[in-house]
Amino acid sequence: MIKKIAFVMMKIRNIINTIIFRLSYAFCKNVKLNAGFRINKWPLIKVHKKALLVISDGVLFNSSNYSYHINMHSKVKIMCDVEGAQINIGKNTRIHGSCIHAFKRIDIGRDCLIAANCQIFDSNGHNSLPDERKTNNGTAKEIKIGDNVWIGANSIILPGVSIGSNSIIAAGSVVNKSVPSEHIAGGNPAKLIKRIDE
(Lines give C-alpha, C1' and ligand atoms only; values in the text may rest on other atoms or scores of the structure.)
Protein backbone atom coordinates (compact mmCIF):
# COMPACT_ATOMS: atom_id res chain seq x y z
CA MET A 1 0.00 0.00 0.00
CA ILE A 2 2.80 2.42 0.91
CA LYS A 3 4.55 1.68 -2.40
CA LYS A 4 1.35 2.42 -4.33
CA ILE A 5 0.90 5.72 -2.49
CA ALA A 6 4.54 6.67 -3.16
CA PHE A 7 4.12 5.82 -6.85
CA VAL A 8 0.94 7.93 -7.13
CA MET A 9 2.63 10.83 -5.31
CA MET A 10 5.59 10.61 -7.70
CA LYS A 11 3.24 10.75 -10.70
CA ILE A 12 1.46 13.78 -9.28
CA ARG A 13 4.79 15.48 -8.57
CA ASN A 14 5.94 14.85 -12.14
CA ILE A 15 2.72 16.31 -13.56
CA ILE A 16 3.07 19.42 -11.39
CA ASN A 17 6.77 19.79 -12.29
CA THR A 18 5.94 19.50 -16.00
CA ILE A 19 3.26 22.19 -15.73
CA ILE A 20 5.59 24.54 -13.85
CA PHE A 21 8.42 23.81 -16.30
CA ARG A 22 6.19 24.58 -19.29
CA LEU A 23 4.96 27.80 -17.67
CA SER A 24 8.51 28.92 -16.92
CA TYR A 25 9.34 28.77 -20.64
CA ALA A 26 5.93 29.87 -21.98
CA PHE A 27 7.15 33.29 -23.07
CA CYS A 28 10.64 32.29 -24.24
CA LYS A 29 10.87 32.57 -28.02
CA ASN A 30 14.10 30.57 -28.04
CA VAL A 31 12.59 27.51 -26.29
CA LYS A 32 9.72 25.70 -28.04
CA LEU A 33 7.94 23.01 -26.03
CA ASN A 34 5.33 21.04 -27.95
CA ALA A 35 2.37 19.05 -26.62
CA GLY A 36 2.93 16.04 -24.41
CA PHE A 37 6.43 17.00 -23.27
CA ARG A 38 7.09 15.55 -19.80
CA ILE A 39 9.75 15.66 -17.10
CA ASN A 40 10.51 13.27 -14.26
CA LYS A 41 12.31 15.54 -11.79
CA TRP A 42 13.64 18.91 -12.83
CA PRO A 43 16.26 18.99 -15.65
CA LEU A 44 19.02 21.55 -16.07
CA ILE A 45 18.35 23.72 -19.13
CA LYS A 46 20.59 26.55 -20.31
CA VAL A 47 19.71 28.33 -23.58
CA HIS A 48 21.35 31.49 -24.92
CA LYS A 49 18.85 34.22 -25.82
CA LYS A 50 19.99 33.93 -29.46
CA ALA A 51 20.03 30.12 -29.54
CA LEU A 52 17.13 27.72 -30.13
CA LEU A 53 15.86 24.62 -28.34
CA VAL A 54 12.97 22.72 -29.95
CA ILE A 55 11.36 19.85 -28.02
CA SER A 56 8.70 17.95 -29.97
CA ASP A 57 5.51 16.17 -28.92
CA GLY A 58 5.77 13.37 -26.38
CA VAL A 59 9.43 13.90 -25.41
CA LEU A 60 10.45 12.74 -21.93
CA PHE A 61 13.33 14.12 -19.85
CA ASN A 62 13.86 11.63 -17.03
CA SER A 63 16.13 12.66 -14.16
CA SER A 64 14.61 10.28 -11.61
CA ASN A 65 16.34 7.11 -10.44
CA TYR A 66 13.13 5.88 -8.79
CA SER A 67 11.82 3.70 -11.61
CA TYR A 68 14.81 3.58 -13.96
CA HIS A 69 16.59 0.23 -14.29
CA ILE A 70 20.19 1.47 -13.87
CA ASN A 71 21.75 4.20 -11.77
CA MET A 72 21.83 7.75 -13.12
CA HIS A 73 24.71 9.92 -12.00
CA SER A 74 22.97 13.25 -12.67
CA LYS A 75 19.88 14.91 -14.07
CA VAL A 76 19.15 15.60 -17.74
CA LYS A 77 21.26 18.55 -18.84
CA ILE A 78 20.50 20.45 -22.06
CA MET A 79 22.89 23.25 -22.99
CA CYS A 80 22.47 25.51 -25.98
CA ASP A 81 24.42 28.36 -24.45
CA VAL A 82 26.24 29.85 -27.44
CA GLU A 83 24.72 32.39 -29.83
CA GLY A 84 23.32 30.63 -32.90
CA ALA A 85 23.40 27.13 -31.35
CA GLN A 86 20.42 24.84 -31.92
CA ILE A 87 19.10 21.58 -30.49
CA ASN A 88 16.12 19.78 -32.03
CA ILE A 89 14.60 16.75 -30.27
CA GLY A 90 12.08 14.67 -32.22
CA LYS A 91 8.72 13.24 -31.19
CA ASN A 92 8.49 10.62 -28.44
CA THR A 93 12.23 10.58 -27.76
CA ARG A 94 13.24 9.65 -24.20
CA ILE A 95 16.36 11.07 -22.57
CA HIS A 96 17.49 9.68 -19.23
CA GLY A 97 20.03 11.50 -17.07
CA SER A 98 22.25 12.55 -19.99
CA CYS A 99 23.93 15.74 -21.21
CA ILE A 100 23.36 17.27 -24.66
CA HIS A 101 25.50 20.34 -25.35
CA ALA A 102 25.36 22.22 -28.65
CA PHE A 103 27.78 24.90 -29.73
CA LYS A 104 26.46 24.67 -33.30
CA ARG A 105 23.63 22.16 -33.95
CA ILE A 106 22.44 18.80 -32.67
CA ASP A 107 19.44 17.07 -34.28
CA ILE A 108 17.90 14.05 -32.55
CA GLY A 109 15.19 12.17 -34.42
CA ARG A 110 11.90 10.76 -33.25
CA ASP A 111 11.38 7.69 -31.04
CA CYS A 112 15.00 7.65 -29.85
CA LEU A 113 16.13 6.12 -26.57
CA ILE A 114 19.07 7.83 -24.88
CA ALA A 115 20.06 5.87 -21.80
CA ALA A 116 21.57 7.22 -18.60
CA ASN A 117 24.88 9.06 -18.32
CA CYS A 118 25.42 9.69 -22.05
CA GLN A 119 27.32 12.73 -23.31
CA ILE A 120 26.43 14.25 -26.70
CA PHE A 121 28.39 17.36 -27.64
CA ASP A 122 29.25 18.98 -30.96
CA SER A 123 32.45 20.71 -29.82
CA ASN A 124 35.29 19.56 -27.58
CA GLY A 125 34.97 22.77 -25.60
CA HIS A 126 38.66 23.63 -25.99
CA ASN A 127 41.11 24.11 -28.83
CA SER A 128 43.80 21.44 -29.09
CA LEU A 129 46.63 24.01 -29.20
CA PRO A 130 48.15 24.47 -25.72
CA ASP A 131 48.14 28.28 -25.84
CA GLU A 132 44.46 28.40 -26.86
CA ARG A 133 42.88 25.74 -24.65
CA LYS A 134 41.57 28.21 -22.09
CA THR A 135 40.43 30.87 -24.54
CA ASN A 136 38.89 28.93 -27.44
CA ASN A 137 35.93 26.52 -27.64
CA GLY A 138 37.43 24.59 -30.54
CA THR A 139 35.64 23.83 -33.79
CA ALA A 140 31.99 22.79 -33.60
CA LYS A 141 30.71 20.09 -35.97
CA GLU A 142 27.02 19.25 -36.25
CA ILE A 143 25.65 15.98 -34.87
CA LYS A 144 22.70 14.21 -36.47
CA ILE A 145 20.94 11.27 -34.84
CA GLY A 146 18.25 9.60 -36.95
CA ASP A 147 14.89 8.17 -35.92
CA ASN A 148 14.49 5.22 -33.54
CA VAL A 149 18.14 5.21 -32.46
CA TRP A 150 19.04 3.54 -29.15
CA ILE A 151 22.13 4.96 -27.44
CA GLY A 152 23.29 2.71 -24.61
CA ALA A 153 24.21 3.97 -21.15
CA ASN A 154 27.48 5.84 -20.58
CA SER A 155 28.10 6.41 -24.29
CA ILE A 156 29.82 9.48 -25.71
CA ILE A 157 28.83 10.93 -29.10
CA LEU A 158 31.60 13.19 -30.43
CA PRO A 159 31.43 16.21 -32.78
CA GLY A 160 30.61 15.64 -36.45
CA VAL A 161 29.00 12.22 -35.96
CA SER A 162 25.85 11.04 -37.74
CA ILE A 163 23.95 7.97 -36.55
CA GLY A 164 21.51 6.50 -39.04
CA SER A 165 17.92 5.57 -38.21
CA ASN A 166 17.18 2.35 -36.30
CA SER A 167 20.80 1.88 -35.22
CA ILE A 168 22.02 0.87 -31.77
CA ILE A 169 25.08 2.19 -29.93
CA ALA A 170 26.29 -0.32 -27.33
CA ALA A 171 26.66 0.85 -23.74
CA GLY A 172 29.95 2.56 -22.88
CA SER A 173 30.85 3.39 -26.48
CA VAL A 174 32.81 6.39 -27.71
CA VAL A 175 31.46 7.26 -31.15
CA ASN A 176 33.92 9.33 -33.20
CA LYS A 177 32.83 8.19 -36.68
CA SER A 178 29.42 8.08 -38.30
CA VAL A 179 27.26 4.96 -38.06
CA PRO A 180 24.97 3.97 -40.97
CA SER A 181 21.29 3.11 -40.55
CA GLU A 182 20.24 -0.34 -39.32
CA HIS A 183 23.59 -1.12 -37.65
CA ILE A 184 24.92 -1.96 -34.19
CA ALA A 185 28.16 -0.21 -33.22
CA GLY A 186 30.16 -0.35 -30.02
CA GLY A 187 33.52 0.02 -28.33
CA ASN A 188 36.11 2.73 -27.79
CA PRO A 189 36.42 3.95 -30.44
CA ALA A 190 33.11 2.52 -31.66
CA LYS A 191 33.25 0.10 -34.59
CA LEU A 192 30.48 -1.46 -36.64
CA ILE A 193 29.53 -4.84 -35.16
CA LYS A 194 26.78 -6.04 -37.47
CA ARG A 195 23.56 -5.09 -39.22
CA ILE A 196 20.41 -5.13 -37.10
CA ASP A 197 18.86 -7.91 -39.22
CA GLU A 198 21.87 -10.29 -39.04
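Is Asp107 buried or exposed? Asp107 is buried, with a relative accessible area of 14%; buried means under 20%, exposed over 50% and partly exposed in between, using a 1.4 Å probe and protein chains only.

This is a predicted model, in which local features need pLDDT of at least 70 and side-chain atom pairs count only at pLDDT 80 or more, while totals for chains, interfaces and linings use all residues. Residues are numbered from 1 along each chain as its sequence is written, and side-chain values use heavy atoms, with hydrogens and water left out.

**Whole chain**

Show the protein as a cartoon: it has one helix and 20 strands (DSSP runs numbered from the N terminus, H or I of at least four residues for helices, E of at least two for strands). The radius of gyration is 17 Å, close to the 16 Å from the globule rule for 198 residues, so the protein is as compact as a globular protein of that length. That radius is taken over C-alpha atoms, and the rule is 2.2 Å times the number of residues to the power 0.38. Of the 198 residues, 44% count as buried.

**Asp107**

Select residues 105-108, which form strand 10 and include Asp107. Then show Ile143, Lys144 and Ile145, which together with Asn88 are in contact with Asp107 when neighbours within four places in sequence are left aside; contact means heavy atoms within 4.5 Å.
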